[in-house]
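Try each one yourself before you read the solution.

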2 protein chains.
Amino acid sequence: MADEAPFQLLHSEVIQYIYKSAEGETESGRNVTKLENIGFRVGQGLIERLTKDTARFKDELDIMKFICKDFWTCVFKKQIDNLRTNHQGIYVLQDNKFGLLSHLSVGKQYLEHAPKYLAFTCGLVRGALSNLGVKSIVTSEVSVMPSCKDLVIQKSF
Amino acid sequence: MADEAPFQLLHSEVIQYIYKSAEGETESGRNVTKLENIGFRVGQGLIERLTKDTARFKDELDIMKFICKDFWTCVFKKQIDNLRTNHQGIYVLQDNKFGLLSHLSVGKQYLEHAPKYLAFTCGLVRGALSNLGVKSIVTSEVSVMPSCKDLVIQKSF
């Protein structure tokens, strides 16, 4: 039980720490960037360990499938529920029970806090993809708290 | 595989972030305190989840055994290797293969960097004990890198 608890709690505390130490500053965008950067480097390190013994990827879709399955399972102990793509460089990953949001209350009133709980994960995926040779822009959308989450990956050419 | 990798990597990045954002400041002691505080709160949250359904602890030694077994396993995927006590409020926990140090090179030249990789863990244990009603001072000693580690818990009366 509680296998992912240390990671989740540490993640929450990092957010707390960054937002608290920047109190008084007007731009909250900088905090999101900091979290995104931390995620980026964790993603880089993680994908290196995970792909150490895997076969070479066939194509981009193959990479995305690896992110949705192995990579996501390693971090969040479950797979991505739904992967969609337009086959032109845009991928949408959907996680119906996203661990880093599940401790927030259900309801629209906390929707505005969602971005800070997703910045790390966006960076995580961007870092992993970057190390696999795919430069990308990763953004996130939350429509229904806490469970529904779209991660939009846009390949940058 | 790599179950604890996300946690380890995030832990490393937090250290990096805190030390980098305090560059130019002379006191590195403040960084250690910050890491210790983050650990404290993670420890508090974690012990709450872990003891949700456990029976009440008999005594202090019973608590320490729980920290060495269940708590340690949850965070580091292994138990503490050796627990010693003088039965007067001092406990020494020894982990012969401590995950958060294992990525550092063997050798004495990095010994001076050990404290920053242990501050979080000291706080973690202190936070857990605090929520179980044991006020304590937790310090750490590293003699042989990277594997040997003593965590000294001193009960404060």
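**Exercise 1: Rings that meet**

In this predicted model, A:Trp72, A:Phe76 and A:Phe98 are linked by ring pairs into a cluster.

Task: Find out how many aromatic pairs there are over all chains, and work out why the pair of A:Tyr17 and B:Tyr17 joins two chains.

Solution: 
- Start with the count: over all chains, there are eleven aromatic pairs.
- Now pick out A:Tyr17 and B:Tyr17. Their ring centres are 6.5 Å apart with 90° between the planes, and the pair is edge-to-face.

**Exercise 2: Charge over a ring**

Task: Which residue lies over the face of A:Tyr19?

Solution: 
- In chain A, look at A:Lys116: it lies over the face of A:Tyr19, 4.6 Å from the ring centre.
- Then switch to chain B, where the charged end of B:Lys116 sits over the ring of B:Tyr19, 4.6 Å from its centre.

**Exercise 3: Two copies**

Task: Work out how chain A and chain B are related.

Solution: 
- Now compare the interfaces. Of the interface residues of chain A, 100% are also interface residues in chain B, so the copies meet through the same surface.

**Exercise 4: The core and the cysteines**

Task: Which residues have the most contacts inside the largest nonpolar core, and how many disulfides does a search of the whole structure find?

Solution: 
- The largest nonpolar core has 92 residues, and A:Ile67 and B:Ile67 have the most contacts inside it.
- Skip neighbours within four places in sequence, and the contacts of B:Ile67 include B:Ile47, B:Trp72 and B:Leu93.
- On to the cysteines: the search finds zero disulfides over all chains.
- Take A:Cys68. The nearest cysteine sulfur, that of A:Cys122, is 14 Å away, while a disulfide needs the sulfurs within 2.5 Å. A:Cys68 is buried, at 6% relative accessible area.
- For B:Cys74, the nearest cysteine sulfur is that of B:Cys68, 14 Å away. B:Cys74 is buried, with a relative accessible area of 6%.

Note on methods. Residues are numbered from 1 along each chain as its sequence is written. Chains are lettered from A and ligands numbered from 1 in the order in which they are written. This is a predicted model: local features need pLDDT of at least 70, side-chain atom pairs count only at pLDDT 80 or more; totals for chains, interfaces and linings use all residues. Side-chain values use heavy atoms; hydrogens and water are left out. Contact means heavy atoms within 4.5 Å. A nonpolar core is a set of buried Ala, Val, Leu, Ile, Met, Phe, Trp, Tyr and Cys residues joined through side-chain atoms within 4.5 Å. Buried means under 20% relative accessible area, exposed over 50%, partly exposed in between (1.4 Å probe, protein chains only). Rings of Phe, Tyr and Trp (its six-membered ring) pair if their centres lie within 6.5 Å; planes under 30 degrees apart count as stacked, over 60 as edge-to-face and the rest as tilted. Helices (H or I, at least four residues) and strands (E, at least two) are DSSP runs, numbered from the N terminus. A charge sits over a ring if NZ of Lys or CZ of Arg is within 6 Å of the ring centre and within 35 degrees of the ring normal.
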